[in-house]
Amino acid sequence: MAMREIRLVPDPVLRTPCDTVTTIDDRVRGLIADLVETVDDEGRAGLAANQIGVSLRAFSWNIEGEIGYVINPRIVELGEEQQDGSEGCLSVPGLWYSTVRANYARVEGIDLDGQPVTVEGTGLMARCLQHETDHLDGMVYLDRLQKETRRAAMRELRARL
């Protein structure tokens with residue numbers, strides 16, 4: 001287990017869709033251990049594998065004292081009710097923008113034993129599930145912003161680089 005360095009935009013690994021995990025081996029077990037250890041830090045709600053430079057479909061979360069992970073997650077349900085709240089990202093430090101997400105989300109995937117798991121939640125947990133799944137699809141939350149807001153965010157980001 002190791003606390004891993006977070007990759008920052010514009011690192012291309014963040015824009016590349018992640019590969020499905022096909023075999024649970026020592027590499028994947030180590031990845032999950034690193035994801036769990038790295039997300040277990042103050043102010044961290046979620047962490048996708050590509051944010052630590054590994055292009056595999058897995059993420060961890062740290063919501064309200066609960067830490068967990070899911071391998072090969074896919075969103076299977078989003079509620080109709082929406083939430084609009086401030087969202088940030090470890091890979092885009094210091095930028096927080098109002099981002100619309102579903103207020104309920106459910107993902108399905110597997111655990112380290114290859115057993116099916118379902119993770120669901122509302123509010124912050126729903127936001128986290130959607131945000132981390134986006135990462136695994138090669139997106140960052142800035143991609144979800146309205147056009148003018150996204151332009152302003154990108155200008156601010158370029159000024160910081």
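Guide: From the N terminus on, the elements run α-β-β-β-β-β-β-β-α-α; helices (H or I, at least four residues) and strands (E, at least two) are DSSP runs, numbered from the N terminus. This is a predicted model, in which local features need pLDDT of at least 70, side-chain atom pairs count only at pLDDT 80 or more, and totals for chains, interfaces and linings use all residues. Residues are numbered from 1 along each chain as its sequence is written, and side-chain values use heavy atoms, with hydrogens and water left out.

Visitor: How many helices and strands is that?
Guide: The protein chain has three helices and seven strands.

Visitor: Which residues of α1 are buried?
Guide: V28, L31, I32, D34, L35, T38 and V39 are buried in α1, where buried means under 20% relative accessible area (1.4 Å probe, protein chains only). Seen down the axis of α1, these buried residues fall within an arc of 165°, so they line one face of the helix; the arc is that of the directions from the helix axis to the C-beta atoms.

Visitor: And what covers them?
Guide: The cover includes β1 (46-48), β2 (58-63) and β3 (66-78), with contact meaning heavy atoms within 4.5 Å.

Visitor: What caps the N-terminal end of α1?
Guide: D25 does, with a side-chain oxygen 3.2 Å from the backbone nitrogen of R27.

Visitor: Turning to the whole chain, what percentage of residues is buried?
Guide: Buried residues make up 47% of the 161 residues in the protein chain.

Visitor: What box do the C-alpha atoms fill?
Guide: Taken along the principal axes, the box is roughly 45 × 35 × 25 Å.

Definitions and conventions: Buried < 20%, exposed > 50% of the residue type's maximum accessible area, 1.4 Å probe, protein only. Polar contact = N/O pair within 3.5 Å; in protein donor to acceptor, adjacent residues only side chain to side chain.
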